[in-house]
Amino acid sequence: GDIVLLRLIMDVSWVHRLEGVIAALALVGACLLARRRGQGRGSNGSPSTVDSLSPNSLALLSADCGRALGGSGETGLEVDQCFSAFYVDGAVDPAAEIRRLSTVHPEYKLLPRALYQQCVANLALVCVDLLVVRRVAGLWEALLVRRGTQPLKGAWWFPGGRLFRGETFFTAAERKCEEETGLRCKAARVLAVWNTFFARSEWDSAMAEERRGTQTVNAVVLLPVPEQAGVPDSIALDPTSTEARGATLQEL
């Protein structure tokens, strides 16, 4: 049967794509090594700006973000591609199958509480973390939010959340950005993927001790804030966050 690959946003060369894959693999490997060595603290023992992440991991992420933002063009972006592969073997109408597979149905958005609790207890959840950036006094600044719920309640973290079935990393990131900050931004690049384990979750009260906590697989997506957006005045946080602030990529 036919295998149809739908390329989203724009087309890039195979060479560029291969370079991106190699860079991503190197970044993920370095992040994992940094996690093992750093355990969320720098060589001098000081905690990182984003709580619970190794400063080495954040330095690599910041460096990759800086490269992505340092390209040519009016926006200063070197736009990379976020690919989604749709395998529709033997389909009479591949385009119709792709539309069906990428449709987000309303029931995906608000799962029954008991069902979602079972998902948290038994599955690794797929999420997006958002690196929402803007230029301030010539420097790129990232948006951080203080979490109002578990996991990591009270910690500074990136906005983000769960991927719905039918979404790409880009569409999920753009939706979460608007939902959690009120900002309408276009996703530009997937910077990294990391695997996070949290000792606590919002669902712990109904779980046995050995099942408490949650695991998420997070794609880190870069979203530049449009020049006309009034940040921070236009930030409209949802109930999952209590406050917001900016941090330069160097501070991360």
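Glycine 154 touches Arg146 and Arg147, leaving aside residues up to four places away in sequence; contact here means heavy atoms within 4.5 Å. This is a predicted model, in which local features need pLDDT of at least 70 and side-chain atom pairs count only at pLDDT 80 or more, while totals for chains, interfaces and linings use all residues. Residues are numbered from 1 along each chain as its sequence is written, and side-chain values use heavy atoms, without hydrogens and water.

Glycine 154 belongs to the loop that joins strand E4 to strand E5. Its relative accessibility is 31%, so glycine 154 counts as partly exposed (buried is under 20%, exposed over 50%, partly exposed in between; 1.4 Å probe, protein chains only). Glutamate 243 is 89 residues from glycine 154 in sequence, and their C-alpha atoms are 9.7 Å apart.

In helix H5, the residues Tyr116, Gln117, Cys119 and Val120 are buried. They line one face of the helix, because they fall within an arc of 155° seen down the axis of H5, the arc being that of the directions from the helix axis to the C-beta atoms. The cover over these residues includes strands E3, E6 and E8.

Elements are DSSP runs, with helices (H or I) of at least four residues and strands (E) of at least two, numbered from the N terminus:

| Element | Residues |
|---|---|
| Helix H5 | 113-122 |
| Strand E3 | 125-136 |
| Strand E6 | 160-162 |
| Strand E8 | 214-224 |
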